[in-house]
Amino acid sequence: MKLSGRLLAIAEMVPPVDTVADIGCDHGKLAVWLVKNGRARRAVCGDISAPSLEKARKKAEEEGLSDRISARVGSGLSVLAPGEADAAVIAGMGGELIASILEADIDKAPGVLVLSCHSMADVLRGWLADNGFFFEDEALVEEGRHFYPVMQVRRGESRALSLNEREFGPVLLRKKPEALRRLLDRRIHETERIYAELVRAESPRRAELLSELGETLRRYEEVRKSL
């Protein structure tokens, strides 16, 4: 079974474990891949949508894995018992929602998390750092015009992240992948466009906003030079 580039990047970030939980599993392809490829002995698929879980059940049955993959209707980590999973994957949603899912059932969160959000990565990274998780690894997947961060975090001694680390990822800033350069170029271009439009606009807050945008551009340029 072939995964998309983004799902494969997520799957490859999962370390070998006994039990993995796929929270918001949708079609269940990720859990099936993880079990079939020896990343996990068994998997728990959780989703708030019963129709999505039915697709996951059918996929597990087609692959002969019904006895090793369980499907449970429920919100977030509520489908797990404390200590049941060794790792959990939460992907395909915004960073703020992922943080709220973790916060709602932090006692059920495994020691290893693989997370991927399509927005507000800075909010998610900040929450993780503030709640006892450190960043083990990160990847940045580019699909079409979208960039998807993938992060593996573990419980342990965490530290506060800088503004740049929250926005772009502490490991990505060290690894300097080409996709990060393209993301920076995109952010710089978008900020310059907004700056130019604001220069022509009539707004009582124009000077304040231009100052903020100018500071953001300087920060982006400094990050870009370091890559």
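**Close-up views of a predicted model**

**View 1. Packing of helix α1 against helix α2.** Helix α1 (residues 5-12) packs against helix α2 (residues 29-36) at an angle of about 45 degrees, and their axes are 10 Å apart. Helices here are DSSP runs (H or I, at least four residues) and strands likewise (E, at least two), numbered from the N terminus. Axes are lines fitted to C-alpha atoms, for helices over the stretch in contact, and angles run from 0 to 180 degrees between N-to-C directions. The angle makes α1 oblique to α2 (under 35 degrees is roughly parallel, over 145 roughly antiparallel, 65 to 115 roughly perpendicular, the rest oblique). In α1, Leu7, Leu8, Ile10 and Ala11 meet Leu30, Trp33 and Leu34 of α2, contact meaning heavy atoms within 4.5 Å. The residues of this contact are seven nonpolar, no polar and no charged.

The model is predicted: local features need pLDDT of at least 70 and side-chain atom pairs pLDDT 80 or more, while totals for chains, interfaces and linings use all residues. Residues are numbered from 1 along each chain as its sequence is written, and side-chain values use heavy atoms, leaving out hydrogens and water.

**View 2. Met120 in the loop between β5 (112-117) and α5 (121-130).** Met120 is not a glycine, yet has a positive phi of about 55 degrees. With 40% relative accessibility, Met120 counts as partly exposed (buried is under 20% relative accessible area, exposed over 50%, partly exposed in between; 1.4 Å probe, protein chains only).

**View 3. Lys176 in the loop between α7 (170-175) and α8 (178-200).** Phi of Lys176, a residue other than glycine, is positive, near 55 degrees. Lys176 is partly exposed, at a relative accessible area of 31%.

Definitions and conventions:
Ala, Val, Leu, Ile, Met, Phe, Trp, Tyr, Cys and Pro count as nonpolar, Asp, Glu, Lys and Arg as charged, and the others, Gly among them, as polar.
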